[in-house]
Amino acid sequence: MNKLLKQRQGFTLLELIIYIGITSLVMVTLLRIVLVVTGTRDETLVVNTVQKELRLVMEKITTTARDAVEIDVNNSLFDVNAGKLELTMSGASLTPTIFQYSASGITMKIGAGSAVPITSQHIIVDQFLLTNRTPIGASGTVHILLHAIDASNNSDDEMTLRSAVTLRK
């Protein structure tokens, strides 16, 4: 009996197959977990980029509009998806300040300068809707709606921001 026990020093073929099978299952499970975590991280990064950029654009528009002397209602485009907001500022060199929808996103033009994009290539703004809510005899009030999607083709992340701005006068 001792002779039989001493001769058996390795694994049998069946034990080796079971070991490889269990190890493979553990490795596949770990790989799936890593892929899910990586995908979630990338998705979160894209969402944060869209949110951050859209909030910065909205903040730029609202802070500039609050400092304006008046909203040029005749030259602004209200109630259309591709809106335009023209503001009269306190300094002659700053007038007109124009926020406008274009194919490259939202642009800002100050005075006689050229229009500069205030959105990057990371997002696509597909809606810049302005609504004039100025009561008669009151300071200018505009409701702003911005809608953007992620510019990468592998994501369908989108965000909508709404705000209202009233001139400080």
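Visitor: Which residue stands opposite L87 in β3?
Guide: T97 is the residue of β3 that stands opposite L87. The model is predicted, so that local features need pLDDT of at least 70 and side-chain atom pairs count only at pLDDT 80 or more, whereas totals for chains, interfaces and linings use all residues. Residues are numbered from 1 along each chain as its sequence is written, and side-chain values use heavy atoms, with hydrogens and water left out.

Visitor: What makes β2 and strand β3 a pair?
Guide: Strands, which are DSSP runs of E with at least two residues, numbered from the N terminus, pair if DSSP finds at least two bridges between them. Four bridges join β2 to β3 (residues 97-102), and these strands run antiparallel, so they meet the criterion.

Visitor: How do you know that β3 also pairs with strand β4?
Guide: Six bridges join β3 to β4 (residues 105-110), again in antiparallel fashion, and Q100 has T107 of β4 as its bridge partner. A hairpin of two residues connects β3 to β4.

Visitor: Why is S76 called buried?
Guide: Buried means under 20% relative accessible area, exposed over 50% and partly exposed in between (1.4 Å probe, protein chains only); S76 has 7% relative accessibility and therefore counts as buried. S76 lies in the loop between β1 (70-71) and β2 (84-88).

Visitor: What does the side chain of S76 reach in E86?
Guide: The side chain of S76 reaches the backbone nitrogen of E86 at 2.9 Å, and the backbone oxygen of D72 at 2.8 Å.

Visitor: Which residues does S76 touch, not counting those up to four places away in sequence?
Guide: With contact taken as heavy atoms within 4.5 Å, S76 touches I71, K84, L85 and E86 on that count.

Conventions
Polar contact = N/O pair within 3.5 Å; in protein donor to acceptor, adjacent residues only side chain to side chain.
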